[in-house]
Amino acid sequence: MATVNVRYMVDDVATSIDFYTTHFGFEVESDAAPAFAAVRRGDLRLLLSGETSLAGRPMPDGRRPVPGGWARIQLLVTDLAAEVERLRAAGLVFRNAIVKGPGGSQVLIDDPSGNPIELFQPR
């Protein structure tokens, strides 16, 4: 399987490295904080870009890339309720409660910069 790269703009690269490695089992691939880091979990390579990175430079019209929004990475879990309990105990910020649909159950968590992470348990 090929590696999938996803870029998140973050407020603090070092804080983001700690968040993803501590709570979600990512491993540090490269660390050029405060500008940039890459963390990996299996075939997912998450690029964490601070405002001093190339990705953080303003667009020609002056807009700046910022964290947040609704596009997100999805991490598959086998026991969503247990994961929610573990992460709540660690003080993570949830956007919603567990919701169930025809394909399974999901919940959204914010990283320290407000980027969403979806935990999904298939049916």
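The model is a predicted one, in which local features need pLDDT of at least 70, side-chain atom pairs count only at pLDDT 80 or more, and totals for chains, interfaces and linings use all residues. Residues are numbered from 1 along each chain as its sequence is written, and side-chain values use heavy atoms, with hydrogens and water left out.

Leu119 also turns up in the largest nonpolar core, a set of 25 residues where Tyr20, Phe24, Phe26, Ile73 and Leu119 have the most contacts. Such a core joins buried Ala, Val, Leu, Ile, Met, Phe, Trp, Tyr and Cys residues through side-chain atoms within 4.5 Å; buried is under 20% relative accessible area, exposed over 50%, partly exposed in between (1.4 Å probe, protein chains only). The helix α1 (13-24) gives the most to this core, with five residues. Helices (H or I, at least four residues) and strands (E, at least two) are DSSP runs, numbered from the N terminus.

Then there is α2 (80-89), with Leu80, Val84 and Leu87 as its buried residues. Seen down the helix axis, these fall within an arc of 75 degrees, so they line one face of α2; the arc is that of the directions from the axis to the C-beta atoms. Their cover includes α1, β6 (93-94), β8 and β9. Glu85 and Ala89 are exposed on the face turned away from the buried side.

Overall, the protein chain has two helices and nine strands.

Conventions. Contact = heavy atoms within 4.5 Å.
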